[in-house]
Structure formats: C-alpha cells, structure tokens
Amino acid sequence: MKEQIRVRHYSYQTEKSYLYWNRYFIRHFKFSSAKQITPLHIEQFLTFLANSKQVSSSTQQQALCALVFAFKHVLAINTDDLKFPYAKPPSSIPQVLEDSEAKLIIERLTGKYKLLGILLYGAGLRLTEALTLRIKDIDTQNQTLFVYRGKGKKDRVCILPQMANELVEQQINHVRHTHLTDLNKGLGMASLPPSLIKKFGTSAKLLHWQYLFPSIHCVSHPVDGYICRHHIDPTTFRKALQKAVSQTPITKRVTAHTFRHSFATNLLRRGHDIRTVQELLGHNDVKTTQIYTHVAGLHQTGIVSPMDYIR
C-alpha cells in the first residue's frame, strides 16, 4: 500500500487514512490471506459502517476510496461492479461570524494562536494551509501569502492582513531563535515533502524553509527518516480556539473552518467580485463559492417579512 501510494505522490495524511481503513477492513473480517478477499466484502464492510457504526456519508466515502485503491493497485481485483448505495452527503449552509464576533474570539487567543486566528479569518486559509506556511511564503512588503500544495495540490496567492505584520515579525524572530538552537545541536533540517530532501540537500537547513509555526520537538521524518522540526499539531489550535470561544457570549458553533467561511461571506457582503473570492479561496468551481452568496444575501434581497408590515 505504501509503495503504491507514494509512487503516486499522495499526501502523508491520505497515506495514513488509507492504511487505517485497510487495517480496519482486514481485522473486521479476520482475513489470513489476500486470496480470501472479494469485492463483496467491500459492500458488507460499508454496510457495517453505516448500520452498526452509524458513520457519516463522508466517512463512508473515505473508507470506500481507501478500499478501492487497495483492490485496484495492490490486489489487482476489479471493483467496477460494486453496488453499494452509500449515503448522499447533506447540503448545508455554513455557519459564519460577524466581524465583531471574529474580533472578539481572536482577541482572546494568545501568542502564535492569535496569529493563526488572524490568518484564518484575514486570509481565508484552511487550518492545514496556515500551519504549513514557511518563512519563504510570506511577503510583508506586498501583503501577500503564497500557499503551495494546498487542497488538490494547487498553488495560489492570498492576502496578508496588515494588522498581522507585527505578529508575523515576532513569530519569524521566534523561528529564527529556535532554528539557531537546532543548528548548534547539529540539527536544523526542515520537514520537506518526500524525496525533496534529495534535491535540496543541506540547503534544507536554511531559515526560509522552516515552518512559521514550528513544533516544540524535533521528530523523525515519517517517509525519509531524517531528524527535522515539523509544524504544530492542528489539535493544539483547536483546543485554544474552543477555550477562547468559551470566554465569549457567542452561541454559534465555531471551528477553525468557520473563519474561512466568514472570510468569504464578509468579502461578498462588501461587494467584492465572486470570481476574486473564488481565486482567494482556491475553489475549482464557482458553484462552490456561490454557497456564500446565499449566506451573504439573506438580509439583502429586498424581501421584507410579512410580520414587519404589521403595525
């Protein structure tokens, strides 16, 4: 599985997910040999997930993709005749924050988490995109962020909020100090995508390759094996965010992605072109961005409730 995933340059997160579901599948049926496995087992397994585990449609879809990958590229078994009717995901309107609500939450975040909150709301980044920013990806003179290998392995240019400049400089100074300490210990390698370390070699020790939000500890690279400093775990920000939200009177459900939804909606409310918002968000199809027009236009369509005519 690992060989087939890596030769196709799938992300490490996808690799972990695919291996998890295939381990789960094998243990569920207690297979002792690959010869026992048939496409019918996929249908039985997905039915088990839906009925016994009551997983969501997206989880079901993820498991299906992982199993089909293994059948096609590892076991060489045809799965074209699968007849499993997996659930259709619900169409939902995203929860958004007003400017004042976003400000209230961000003010209660501290240190690097405050900067993360500003980037999520001020630039519309996904949490993973913000965490994987490197020093070289930030241009404070032109107020620009460069996102590389985002969702769908796409690159794009985003805006850097001016109010983030001071915090960005403070964070870069922190990274510089941490990096010098690593170099003095004989470390200092940046965590790079698989095989790139062969291309860049010792230049991976340069400051501009370091993550803007480095982890506290150095670890072994999961694929190439060298000692490096990765970025902080997403759960650390999620915990800090929930703590900040609990200190406000806001009753909405707030996640890291809520900031991205709010970024898009508030830009559209201010009259910015939907195509521009689409590019900033990195959406392939404008239809994905159009969902924010429904949120932004709820109270701007000119329709007045019948109750408001009653005097």
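This is a predicted model: local features need pLDDT of at least 70, side-chain atom pairs count only at pLDDT 80 or more; totals for chains, interfaces and linings use all residues.
User: Why is asparagine 22 called buried?

Analyst: Buried requires under 20% relative accessible area, and asparagine 22 has 10% relative accessibility, so the residue counts as buried. Asparagine 22 has its place in helix H2, and, leaving aside neighbours within four places in sequence, it is in contact with Met1, Ala66, Leu67 and Ala70.

User: What makes glutamine 242 partly exposed?

Analyst: The partly exposed class lies between the buried limit of 20% and the exposed limit of 50%; glutamine 242 has a relative accessible area of 42%, and therefore belongs to that class. Glutamine 242 is found in helix H10, and when residues up to four places away in sequence are not counted, it touches Val254 and Thr255.

User: Where does glutamine 242 stand relative to isoleucine 105, in sequence and in space?

Analyst: The two residues are 137 residues apart in sequence, while their C-alpha atoms are 9.4 Å apart in space.

User: How do you know that the span of helix H2 agrees with what its 18 residues should give?

Analyst: The expected span is 1.5 Å times one less than the number of residues, which for the 18 residues of helix H2 (residues 12-29) comes to 26 Å; the end C-alpha atoms are 26 Å apart, so the two values agree. Just after H2, lysine 30 takes a positive phi of about 55°.

User: Which residues of H2 are buried, and what covers them?

Analyst: The buried residues in H2 are Glu15, Ser17, Tyr18, Leu19, Trp21, Asn22 and Phe25, and their cover includes helix H1 (2-7), helix H3 (39-51) and helix H4 (57-73).

User: What makes a group of residues a nonpolar core, and which residues have the most contacts inside the largest one?

Analyst: The residues must be buried, must be of the nonpolar kinds, and must be joined through side-chain atoms within 4.5 Å. The largest such core has 40 residues, and Leu125, Phe237 and Phe259 have the most contacts inside it. Several elements each supply at least two residues of this core, including helix H5 (99-107), strand S2 (144-147) and helix H11 (256-269), and H6 gives the most, with eight residues. Apart from this core lies another, of 18 residues, among them Trp21, Leu46, Phe48 and Leu64.

User: Which residues does leucine 125 touch?

Analyst: Not counting residues up to four places away in sequence, leucine 125 touches Leu119, Leu120, Ala130, Leu133, Leu145, Val147, Arg156, Cys158 and Arg260.

Definitions and conventions: Residues are numbered from 1 along each chain as its sequence is written. Side-chain values use heavy atoms; hydrogens and water are left out. Buried means under 20% relative accessible area, exposed over 50%, partly exposed in between (1.4 Å probe, protein chains only). Helices (H or I, at least four residues) and strands (E, at least two) are DSSP runs, numbered from the N terminus. Contact means heavy atoms within 4.5 Å.
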